[in-house]
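Thanks for coming, everyone. Today I want to talk about salt bridges. Please have a look at the structure on the screen.

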Amino acid sequence: MAKKISCLINRALCIVHRALTNRALCIVHCALISASCIASEPLRPVSSTYTVEIGSAHIADTYLSPMHYSGIHAGLSYSRLQAMRFDPERWVMQLRLGASVDFTKNPAKTITLYNAGIDASWGMMRRWTLPAGFSAGIGPALDIDAGVLYIDRSGNNPASARAAVTVDASAFAQWRGSLLGIPLTARYSAMLPVGGVFFSPDYGELYYQIYLGYRSGLVHPAWWGSYFSLDNLASVDLHFGATSLRLAYHNYILSTKASNLVTRNVTHALSIGITTDWISLRPGSDAVTASRIISAY
């Protein structure tokens with residue numbers, strides 16, 4: 001804010017100076033002022049990634065069944081990275097959105113368990129630039145997860161819902177270099193909830209009872225003893241100009257324990273996607289002449 005005020009004052013003085021003194025010297029002075037003001041606000045490209053993944057899923061939910069189920073996992077995801085405006089060289093913003101479906105069966109292959117879920121998170125990470133093209137970062141994130149499981153058999157409880165709001169610790173480590181002349185970025189990132197709340201019914205409690213108003217004890221504190229989740233992503237981005245090809249391995253682990261109920265959800269998936277870098281400019285903005293571009297990677 002102080003820099004913007006200083007720029008406005010200097011430009012006003014420049015106009016007065018132009019009216020009273022040599023015009024050529026004034027033009028040079030104004031150009032120097034404008035350059036310094038523009039350079040103080042570097043461009044912050046947005047890196048957007050769209051991926052599709054497929055792999056295996058392994059699920060257990062004692063509310064629905066004591067059996068373990070295994071099958072196919074598929075998902076779509078979007079992520080957005082951008083350097084923060086208040087300190088672009090050291091802080092990065094990350095937005096992640098995802099949706100997934102699982103089709104699993106019991107060991108005898110006679111019953112199918114379906115799982116569908118969505119996830120959204122937003123956070124900031126403090127990053128450090130290290131020698132030899134390496135960098136790393138860590139920071140907090142807010143994560144919202146929701147989903148439903150459905151088992152195709154007759155019974156009073158054919159479905160089970162899940163929901164959680166947690167504060168996570170997110171971290172990454174990456175290396176930028178080249179292989180066979182192709183520039184690339186190898187990156188590992190992880191998210192781990194450290195606290196929050198999650199939903200779980202009581203053992204044998206019907207959702208119809210919840211509908212009738214029996215809602216006591218449905219919300220539980222989330223900590224590592226009752227709610228453990230770890231989201232791992234190892235990726236390689238092959239850069240072709242402003243567009244990159246992403247190849248990645250995604251592993252997700254979820255384990256909850258509350259009200260004598262236990263759930264487990266583990267997925268392994270390979271993903272492929274596209275990463276694009278773009279810059280949003282306000283109409284009439286002169287930021288395109290900025291001398292610095294600070295990437296989120």
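**Salt bridges in the model**

Start with R162 and D145. Their side chains form a salt bridge, 3.2 Å from N to O. Where do R162 and D145 lie? R162 is in strand β6, residues 159–179. D145 is in strand β5, residues 134–151. The pair therefore ties together parts that are 17 residues apart in sequence. Both partners, R162 and D145, are buried.

A word on the source. This is a predicted model. How many salt bridges does a search of the whole structure find? The count is four. I will walk through some of them.

Next, D237 and R246. Their side chains also meet in a salt bridge, at 2.8 Å from N to O. Is D237 buried or exposed? D237 has 2% relative accessibility, so D237 counts as buried. R246 has a relative accessible area of 5%, so R246 is buried too. The cut-off for buried is under 20%.

Now R90 and D87. These two form a salt bridge, and the closest N and O atoms are 2.9 Å apart. D87 is buried, with a relative accessible area of 17%. That value is under 20%, which means D87 falls in the buried class. R90 has 43% relative accessibility, so R90 counts as partly exposed.

To recap. D237 is buried, as is R246. In the remaining pair I showed, D87 is buried, whereas R90 is partly exposed.

Note on methods:
Residues are numbered from 1 along each chain as its sequence is written. This is a predicted model: local features need pLDDT of at least 70, side-chain atom pairs count only at pLDDT 80 or more; totals for chains, interfaces and linings use all residues. Side-chain values use heavy atoms; hydrogens and water are left out. Buried means under 20% relative accessible area, exposed over 50%, partly exposed in between (1.4 Å probe, protein chains only). Helices (H or I, at least four residues) and strands (E, at least two) are DSSP runs, numbered from the N terminus.
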